[in-house]
Amino acid sequence: MKLVAATILAFSVAASSAQNLNGAGASAPAPIYSKWFSEYSQAHPDVKINYQSIGSGGGIRQVTEGTVDFGASDGPMSDEQLGASKIKVVHIPTVLVAVVPVYNLPGVTQDLKFSQDAIAGIYLGKITKWNDPYIAKENPGISLPDQPILPVYRSDSSGTTFIFTDWLSKVSPEWKSKVGAATAVKWPVGIGQKGSEGIAGMVRQSKYSFGYVELLYAEQNKMQFGLVRSHDGKFLKASTTNVTDAAAAYATKIPEDYRVSITDAPGADSYPISSFTWLLIPNPAADPAKGKQIIGFLNWMLDHGESEAVGMTYAPLPKAVSDRVKKTISTLK
């Protein structure tokens, strides 16, 4: 009994002395972050990592205000945000994500093809019916209903929205001039929902709806998602392979701070709505002990975590990028 009591006491002391790291931000990578943080804590009982999936805007806000130990975002911080931050923030890319067009179209079992003009037109309010010629011409032989389209968008500040609107701004001059790219924009039409979970839920329950979510959420919710025309004119259905191809197209153009957009990447097999997602790391850390633990996790992520990406519908970092990130981590304090 004394041995059992001593063991319990030792465990309690270890648990109470564990270093708690708190982070917040992007919802797109939340599933893999949750898995990584849990596995890391199991392997390192002296560290507990808590993460709140509140959207990229919230993650940027909290890390720059110093209320969390790290943030997360699917869109890189702007020059203005970095300049206004109370602390220096380093972008650490973690995995690659894809954003896909999802829809609820009763009676249509085929995967639909969507051109740049079609998707921009839906969210600009110019394409209002499912049998519109811009959709029909890319989907010959498919009986499209004469029903109004219900566009669904993210109502919260979202990195997923940044990726989607960044792509739209590259492929549609009208979108760029009227709406632009940001984590939150003024949508011309549609209904807003909070979080990727909100969009997925609304599209699943609403006939004739159309939205955008990360590939993972589409797969998990068994939602229909369409093919998107690439920069080089080929219709592609998102996969971890063609997301990696998009990153590879920019491999030699990634800046030192990793703040890069890879949407509308050249290459016939580059999925066009792809992006890195980043952890936002204060440097130097406000608490040196926590900074040391964050560095330990980041190295573990590259050495052990990346191998789990594909199994969770994320694309791992290309080796050239991973090698660079390893060197950047070594400079953190």
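1. In which helix do K170 and D166 both lie, and how many residues apart are they? Both belong to helix α7, residues 159–171, where they sit four residues apart, about one turn of the helix; helices here are DSSP runs of H or I with at least four residues, strands are runs of E with at least two, and both are numbered from the N terminus.

2. The model is predicted, so that local features need pLDDT of at least 70 and side-chain atom pairs count only at pLDDT 80 or more, whereas totals for chains, interfaces and linings use all residues. Residues are numbered from 1 along each chain as its sequence is written, and side-chain values use heavy atoms, with hydrogens and water left out.

3. K170 and D166 form a salt bridge with their closest N and O atoms 3.9 Å apart, the term requiring a side-chain nitrogen of Lys or Arg within 4 Å of a carboxyl oxygen of Asp or Glu. D166 is buried at 12% relative accessibility, while K170 is partly exposed at 38% (buried is under 20% relative accessible area, exposed over 50%, partly exposed in between, with a 1.4 Å probe and protein chains only).

4. The count of salt bridges comes to 14. One of them joins the side chains of D111 and K237, at 2.7 Å from N to O. Because D111 lies in the loop between β4 (89–103) and β5 (113–114), and K237 in the loop between β11 (235–236) and α11 (240–249), the pair ties together parts that are 126 residues apart in sequence.

5. D257 and R259 meet through their side chains in a salt bridge of 2.9 Å, N to O, and a network of salt bridges links D79, D257 and R259. D257 is partly exposed at 33% relative accessibility, as is R259 at 23%.
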